[in-house]
Amino acid sequence: MDKHTAVFRRKIIRIIMLTAAVSIMLAGCGRGYDTKDGASTLDAAQNTWADDFTQGNSEGQQEADDTSKIIVIRDDEADNTIIADDFYDKDSGPEESLVEDANDADDNSTGSDQENCGEGEEDSGMTDTDLEFYAEEISDELFAKMQGKSFKEDCTIGREELRDVHVLYVDFDGQTQKGEIVCNKAIAEDLTEIFEELYEAGYPIEKIRPVDEYDADDEASMADDNTSCFNFRFISHTTTVSNHGKGLAIDINPLYNPYVKTVNGALNVEPANAAEYVDRAADFPHKIDESDLAYKLFIQHGFTWGGSWKNSKDYQHFEKDI
Ligand SMILES: [Zn+2]
């Protein structure tokens with residue numbers, strides 16, 4: 001065999017390897033794109049990759065081994081970071097990238113899945129955060145918990161008008177938590193998108209719990225700095241349903257962003273334990289103002305802010321006129 005033949009054979013082998021690699025990557029992207037179990041899709045692609053190169057090609061085998069190592073490390077990172085362990089299915093792929101996004105507020109990770117696919121190993125993050133941020137109809141279990149609390153006897157809004165929005169959020173300890181927000185179906189998509197962006201930016205929210213856990217006591221929920229939306233009620237001394245009663249208003253980190261109104265010369269602050277956060281010129285964390293990300297996102301989605309009201313200020317409050 002002469003030198004040219006040997007060179008020719010090596011070229012052919014490289015072309016075959018390259019073709020196989022590209023095929024596997026494309027197959028991985030295509031299959032993992034919209035599936036929920038991104039990890040198992042990757043595993044399948046990885047196994048194919050390994051099989052293709054196991055026989056007599058040490059370079060290919062080495063690459064297969066490297067792929068395995070990378071995936072294992074990412075699993076470990078996810079396990080170490082997540083504390084809401086009852087929430088995650090550790091075998092699934094999406095949470096890995098979610099955790100990374102949450103830990104890196106500067107990460108410009110809004111690229112599409114397709115873009116991620118083109119980046120080799122990074123595509124195990126080809127996960128769809130939509131899997132964790134979604135709205136569903138009010139389940140029987142949730143509806144039972146709402147009875148006589150947020151969903152009162154004289155409720156003038158139907159169960160079918162409401163949605164249960166599932167979100168992830170970063171709490172004040174920097175940990176990922178899950179939350180549920182009951183809202184009007186008219187703003188369910190807005191909330192889903194806004195809270196996904198807040199999460200990806202690492203925006204801290206102390207709590208997102210159903211207000212029914214506070215017996216739908218708004219003051220108790222606010223005093224505990226709980227973020228909530230639907231809670232049926234009329235505006236005081238009227239038969240007009242409030243925007244919270246319609247599920248069209250939401251309060252964010254209410255302790256740090258109280259409702260403030262002067263009545264007959266007396267300052268009324270809700271929640272009552274928020275007096276130190278009334279001075280909006282003061283510098284303190286979790287303060288919503290016009291430079292705040294939540295403010296910007298809600299305004300982008302067509303909401304108005306209670307901090308802009310004239311006769312009172314409700315710094316925690318965003319609402320949408322439908
Ligand atoms: Zn409010």
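Mentor: Just after H9, Gly302 adopts a positive phi of about 90°. Helices (H or I, at least four residues) and strands (E, at least two) are DSSP runs numbered from the N terminus. This is a predicted model, in which local features need pLDDT of at least 70, side-chain atom pairs count only at pLDDT 80 or more, and totals for chains, interfaces and linings use all residues. Residues are numbered from 1 along each chain as its sequence is written.

Trainee: Which residues of helix H9 are buried?

Mentor: A residue is buried if 20 or more other C-beta atoms, placed from the backbone, lie within 10 Å of its own, exposed if 12 or fewer, and partly exposed in between. In H9 (residues 293-300), Ala294, Leu297 and Phe298 are buried. They lie on the same side of H9, because they cover an arc of only 95° around the axis, taken from the directions from the helix axis to the C-beta atoms. Their cover includes helix H7 (188-200), strand E7 (304-305) and strand E9 (317-319).

Trainee: How is the packing of two helices described?

Mentor: Two packed helices are described by the angle between their axes and the distance between the axes. Axes are lines fitted to C-alpha atoms, for helices over the stretch in contact, with angles from 0 to 180 degrees between N-to-C directions. The axes of H7 and H9 come within 10 Å and cross at roughly 155°. The contact (C-beta atoms, placed from the backbone, within 7 Å) involves Ile194, Glu197 and Leu198 of H7 and Leu293, Ala294, Leu297 and Phe298 of H9.

Conventions. Contact = placed C-beta atoms within 7 Å.
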